[in-house]
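Please read the following note with the structure open beside it. It is arranged as numbered points, and each point can be checked on the model.

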Amino acid sequence: MVPQPRLRDRIDWLVVLGPIVAVCFAAGLGRHLLVAWPALATDPAFFQHTGWYVLEGGVPYVDVWDVNPPVPFGITAVLAALSGGDMLVLHALGTTLTVLVAAVSVLLVGWVAYLVTETDAAAVAAGLTMLVVPELFLLSPEGVRAQFYALFFGVLALALALRDRPFLSGAIAALSAGSWQLGGVFALLIVGMASQRSGRRGALSAVAGGGVVTGLVVLAFAAAGALVPLFVQTVVATLTAGSSYTVAERVYTILLVFGYGSLLLPVALYGWAYAGIRDVRERWWIPAGGLLLAAQVLFVDLDGSTDAFLWLAFVALGVAVAVERVTAGGSVPTDRRSDDASRSIRRWTAVAVVAVIALLVLSGLAWHFGSPTSQSTLQTRQAVAEPESESLPITPDDADVPSMQTIYWEQIKPETCHYRLSWNEVRWIAMTDDRLDRRQCDGWPRRIDSGYRSH
């Protein structure tokens, strides 16, 4: 029975990677349940409350100001409906789904690496590289965050593109962009991959898939009278109200996010270079995605570890290509004995490479829990995203609104649209001469950058 061994060969990487992923995410969930449950971080409280608020008649971007695209609000609205209005159940559903989405994302990265390299060691190495940043499995139990879903949909779209499903991959890539703006990188890559693999017809099919999803979202918000504020907040405000930074600060933040796993960044760069130079016709999208998202973390948005998750996927794929090269046979064997020796060398090389990356995964935990000063800096940056060098005429404390946690647990329908009060939101209010007590955020700003300009 030949097909059975072939099928088993295809899932060897999953047999190794699957249990590791399950243990990491189960440990992360267990720790959260024992130490922090049911405490809510601000971002999950906001997304989950907005989902509940939608069922109560609230309209995102009109009754709720936010720079994030709408897909997470749709997901949490479905969860809110399933919860029956119980906020504790809603939080449990948000936690469970986000943990599953994050865990499956790691396995999807492994699958994409296998589809690209057809090498088990490369697939396992790619999955382990995702775990080098432990916040992936330590923060997912906190509940819904946009970046987890952008990662899941984006990597799933890559896998579908490699399986020659251009329409479906385009639709899924649109969901990634609809979860977080930087997911749009996946949409661009999917169109290029479809064109490469199936020509113009494939590219048009991918565009059509993305167009269907985008069109449905546009129609829904147009019907709700929220299309203009959707564009203003997710596009205009995102481009103009970002935090100030220096490249040195961003590089420092990258090192804080990766910790000892930063040792893999040169390995990924080698993988990108090899794919871009030696195999550019087939694998161009790996260095392209890596460089585009590297520009994101350096110049666009990196307030904390979650903002690096999309780039982390391409770091993992770069590592996979490098591992494929390291474990590939050098010379063609001349007899059976030399063939056996070559296979043995490749096998032990693969084991050694995977073991080294596994040690870096453990070192990531040591970095996370054993470097309080560095982690405190990173967590503070993620919480406030407000450099000390930037001065604003208003602060979140100037608004007369409860904390996001109070709003969530007490199921409050805020009287103003500005109640999340992220620093991006505060900067936007300062730049547009908007008011903290505005009841609805339903139109274009009268002016931008009035009396305030970020440094």
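**Note on selected contacts**

1. The side chains of Glu56 and Lys413 form a salt bridge, with 3.5 Å from N to O. A salt bridge is here a side-chain nitrogen of Lys or Arg within 4 Å of a carboxyl oxygen of Asp or Glu. Glu56 belongs to the loop between α3 and α4 (71-83), and Lys413 to the loop between α19 (404-409) and α20 (423-432), so the pair ties together parts 357 residues apart in sequence. Helices (H or I, at least four residues) are DSSP runs, numbered from the N terminus. Glu56 is partly exposed, because its relative accessible area is 40%; Lys413 is partly exposed at 46%. The terms are set as follows: buried is under 20% relative accessible area, exposed is over 50%, and partly exposed lies in between (1.4 Å probe, protein chains only).

2. Two remarks on the basis of these values are in order. The model is predicted, so local features need pLDDT of at least 70 and side-chain atom pairs count only at pLDDT 80 or more, while totals for chains, interfaces and linings use all residues. Residues are numbered from 1 along each chain as its sequence is written, and side-chain values use heavy atoms, with hydrogens and water left out.

3. How many salt bridges does the rule give? The count comes to 8 salt bridges. Side chains of opposite charge can pair when their charged atoms come close. One of the pairs is Arg197 with Asp164, at 2.7 Å from N to O. This pair links distant parts of the chain, 33 residues apart: Arg197 is in helix α10 (residues 184-223) and Asp164 is in the loop between α8 and α9 (166-179). Arg197 is partly exposed at 33%, and Asp164 is partly exposed at 40%. Elsewhere, salt bridges that share partners join Asp43, Glu142, Arg145 and Arg420 into one network.

4. Arg145 lies in the loop between α7 (135-138) and α8, and Asp43 lies in helix α3 (residues 42-55), 102 residues apart. Is Arg145 buried or exposed? Arg145 counts as buried because its relative accessibility is 7%, whereas Asp43, at 28%, counts as partly exposed.

5. Two packed helices are described by the angle between their axes and the distance between the axes. The axes of helix α8 (residues 146-162) and helix α16 (residues 309-327) come within 9 Å and cross at roughly 35°. Axes are lines fitted to C-alpha atoms, for helices over the stretch in contact, and angles run from 0 to 180 degrees between N-to-C directions. Among the residues that meet are Phe148, Leu151 and Val155 in α8 and Phe309, Ala313 and Leu317 in α16; contact means heavy atoms within 4.5 Å. The residues of this contact divide into 10 nonpolar, 1 polar and no charged. Ala, Val, Leu, Ile, Met, Phe, Trp, Tyr, Cys and Pro count as nonpolar, Asp, Glu, Lys and Arg as charged, and the others, Gly among them, as polar.

6. Ala123 lies in helix α6 (residues 120-131). Why does Ala123 count as buried? The reason is that Ala123 has 0% relative accessibility. Leaving out residues up to four places away in sequence, Ala123 touches Trp13, Leu17, Gly110, Ala113 and Tyr114. Ala123 and Ala113 are 10 residues apart in sequence, and their C-alpha atoms are 4.9 Å apart in space.

Note on methods: Helix = DSSP H or I, 4+ residues; strand = E, 2+ residues; numbered from the N terminus.
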